[in-house]
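Biologist: I'm new to reading protein models. Could you walk me through this one, feature by feature?

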Amino acid sequence: MMIKKIKILAPLLFLVATLSLSSQEKQDWEKIKSLKVAFISERLELTPKEAQSFWPIYNEHQSKKEGFFRVERFEIGNEIKKLDALSDAKASELLSRMQKLEEEKHKAEKTYIEKISKTISAKKTILLMRSEEDFKRQLIKQYRQRRGSK
């Protein structure tokens, strides 16, 4: 009877642990996004009028970038993991998909820069691009420091 309860509880506990980890990752991701918004806001010193038109464009582009990342990481990435098993024809098809995705990313980035530079100055647009890179570097640095202290 006790073994039967353990057999039922073990998968349930695993599910709860997985969900809490997933929830923690989502909370961490949301925290990073909030920190990035604050970092960019501070760096760009947007006027209220600029901010009103800037953030919707910025957020839309971030969503597109996340979509590209998911396709690249999960759809294409999963196929790359099975590269040895792919036929030349499938590999060629995969390569075409990868090139198409890169073209779509480039086009989206170009459109984004055109839109964003109409809402904020060219100088602030360049500062935005630098700020995103600076934020990324800071994040990686903090991550490495935490991993090193463990």
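Modeller: Let's start with the overall fold and then look at some individual residues. Keep in mind that this is a predicted model.

Biologist: How much of the protein chain is buried?

Modeller: A residue counts as buried when its relative accessible area is under 20%. In this protein chain of 150 residues, 19% are buried. The accessible surface comes to about 12,200 Å², and carbon and sulfur atoms account for 60% of that.

Biologist: What share of the contacts joins residues at least 24 apart?

Modeller: Take the contacts between residues at least 6 apart in sequence: 68% of them join residues at least 24 apart.

Biologist: Is K123 buried or exposed?

Modeller: The cut-off for exposed is over 50% relative accessible area. K123 has 71% relative accessibility, so it counts as exposed. You'll find K123 in helix α4, which covers residues 122-149.

Biologist: Which residues form a nonpolar patch on the surface?

Modeller: That would be I80, L95 and M98, which together have about 240 Å² of accessible area. Look at M98 in helix α3, residues 88-119. M98 counts as partly exposed because its relative accessibility is 31%, and that category lies between the buried and exposed cut-offs.

Biologist: How many aromatic pairs does a search of the whole structure find?

Modeller: It finds four. Planes over 60 degrees apart count as edge-to-face. W55 also pairs with Y58: their ring centres are 5.4 Å apart and their planes are at 80°, so this pair is edge-to-face too.

Biologist: Why are W55 and Y58 separated by about one helical turn?

Modeller: Because W55 and Y58 are three residues apart in helix α2, which spans residues 48-81. Ring pairs link F54, W55 and Y58 into a cluster.

Biologist: And are those three buried or exposed?

Modeller: Check them against the cut-off of under 20%. F54 has a relative accessible area of 0%, so F54 is buried. W55 is buried at 15%, and Y58 is buried at 3%.

Notes
Residues are numbered from 1 along each chain as its sequence is written. This is a predicted model: local features need pLDDT of at least 70, side-chain atom pairs count only at pLDDT 80 or more; totals for chains, interfaces and linings use all residues. Side-chain values use heavy atoms; hydrogens and water are left out. Buried means under 20% relative accessible area, exposed over 50%, partly exposed in between (1.4 Å probe, protein chains only). Contact means heavy atoms within 4.5 Å. Accessible areas come from the Shrake-Rupley method with a 1.4 Å probe; for residues, only the protein chains shown count as cover. Helices (H or I, at least four residues) and strands (E, at least two) are DSSP runs, numbered from the N terminus. Patches are made of residues with over 30% relative accessible area and no salt bridge: like charges are joined within 9 Å, nonpolar side chains (Val, Leu, Ile, Met, Phe, Trp, Tyr) within 5 Å. A salt bridge is a side-chain nitrogen of Lys or Arg within 4 Å of a carboxyl oxygen of Asp or Glu. Rings of Phe, Tyr and Trp (its six-membered ring) pair if their centres lie within 6.5 Å; planes under 30 degrees apart count as stacked, over 60 as edge-to-face and the rest as tilted.
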